[in-house]
Amino acid sequence: MPNLLTIDDLSNAAIEAILQKASYYKTQLLAHHQKSQHLQNRVVTNLFFEPSTRTLNSFQLAESFQDMVTLAPHLASSALTKGESIYDTLLTMQAMGSELFVIRHKDDDLLNQIEQWQLQAPVINAGCGQTAHPTQALIDLNVILSRFDALDDVVVAIVGDIKHSRVAQSQIKLLTQWGVKNIRTVGPASLQNASPHTSVTHYDNLQQGLNGADVVIRLRLQKERLGEQLALDMDDFVQSFCITPKTITYAKNDAIVLHPGPCIVGEDFSTEFMTHPQNMILSQVAVSVPTRMACIDFALNCL
Ligand code: CP
């Protein structure tokens, strides 16, 4: 069974199949309050070692609408607190019948370890360190494709903390793989990193970075991941890179604005921008459940 740890696990055919299946779930099942039956009573274990609202709850809903049995060990009262390793916990849950794991963790190296463990049950990465958050990137691609048929000429500006963001790494990889040729990362130099993709250009000025953009993605400052001392004046950063009804006019008139959440109001978006018509943040949340249902099908070879 295939893991879904990074975008590298997905061929374009698999991405296409996930998007099509997500569309089917949204329009044919969820719109009619119906469940899918083909994974009925299959067991999935959610292990979230970091906080989450969107990813955890949308996976729980996705599993429920797939009619699966969800196990969610309470980590603070699990055998992990007695010294059991994550590997032994996974083997234990697998022996209990778990056929799929959905894992969020802060440790970037966990993805390599999962590859080496070669579990029988596949693993879906629900956000790992600064490395990857592939299902969020699929959700964002789904929203972008709901507005644009082809992405060859679409200009995407990703604004904020690119360097510490697992979402940014997965978005850049997925959008590039899907044919986007012009991706701009917009923010101060201390929050950017060198990209291996020729599709990516860095900007340190919001007006220049947003000029001509069709899609603007704002990412929050990953305060929990700032290992190094960051030379960042927060007031200046917010003044320079906050998306407001005024600063969004730097982009194209019909640009859409995404944010994977959690959105820090007053830093990422101004209060006024939270209800702005170009703000797609709740559309992203709405499409997360059918998209994650399709990701579960991918991992269980049921697309
Ligand atoms: N986008 C995202 O991962 O949000 P949560 O941390 O709420 O899951």
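Me: Two strands pair if DSSP finds at least two bridges between them. Which residue in E7 is the bridge partner of Val 186?

Reply: In this predicted model, Val 186 has Tyr 203 as its bridge partner in E7.

Me: How do you know that strand E6 and E7 are joined?

Reply: Strand E6 (residues 182-186) and E7 run parallel and are joined by 4 bridges. Pairing needs at least two, so E6 and E7 pair.

Me: What makes strand E7 and strand E9 edge strands?

Reply: The open sheet has 5 parallel strands in the order E7-E6-E5-E8-E9. Strand E7 (200-203) and strand E9 (256-258) each pair on one side only, which makes them the edge strands. Neighbouring strands here are turned by 20° against each other on average, direction ignored.

Me: How do you know that helix H5 packs on the sheet?

Reply: Helix H5 (residues 134-145) touches strand E8 (215-219) and E9. Contact means heavy atoms within 4.5 Å. The direction of H5 makes about 170° with that of E9.

Me: What makes strand E1 and E2 a pair?

Reply: Strand E1 (residues 43-48) and E2 have 3 bridges in the parallel sense, and at least two are needed, so they count as a pair. In E2, Thr 70 is the bridge partner of Val 44. These strands belong to an open sheet of 4 strands in the order E2-E1-E3-E4, with parallel pairing. Its edge strands are strand E2 (69-71) and strand E4 (123-128).

Me: Which residues lie nearest the centre of the largest pocket?

Reply: Arg 104, Arg 166, Arg 220, Gly 261 and Pro 262 do, out of 22 lining residues. This pocket has a volume of about 420 Å³. Helix H2 (54-65) and helix H6 (166-177) each supply at least two residues of its lining.

Me: How many residues of that lining are nonpolar, polar and charged?

Reply: There are 5 nonpolar, 9 polar and 8 charged residues.

Me: Which helix gives the most to the lining of the second largest pocket?

Reply: H9 does, with 6 residues. The second largest pocket holds about 300 Å³ of space, and Lys 26, Asn 142, Ala 286, Val 287 and Pro 290 are the closest of its 18 lining residues to its centre. The lining divides into 12 nonpolar, 5 polar and 1 charged. Lys counts as charged, so Lys 26 is that charged residue.

Methods:
Residues are numbered from 1 along each chain as its sequence is written. This is a predicted model: local features need pLDDT of at least 70, side-chain atom pairs count only at pLDDT 80 or more; totals for chains, interfaces and linings use all residues. Side-chain values use heavy atoms; hydrogens and water are left out. Axes are lines fitted to C-alpha atoms, for helices over the stretch in contact, and angles run from 0 to 180 degrees between N-to-C directions. On a 1 Å grid over the protein atoms alone, a cavity is a set of points where a 1.4 Å probe fits but cannot get out, and a pocket is an open set with protein on both sides within 12 Å along at least five of seven lines; lining residues have an atom within 4 Å of a point. Grid points are joined across faces, edges and corners, and a volume is the space filled by probe spheres set on the points.
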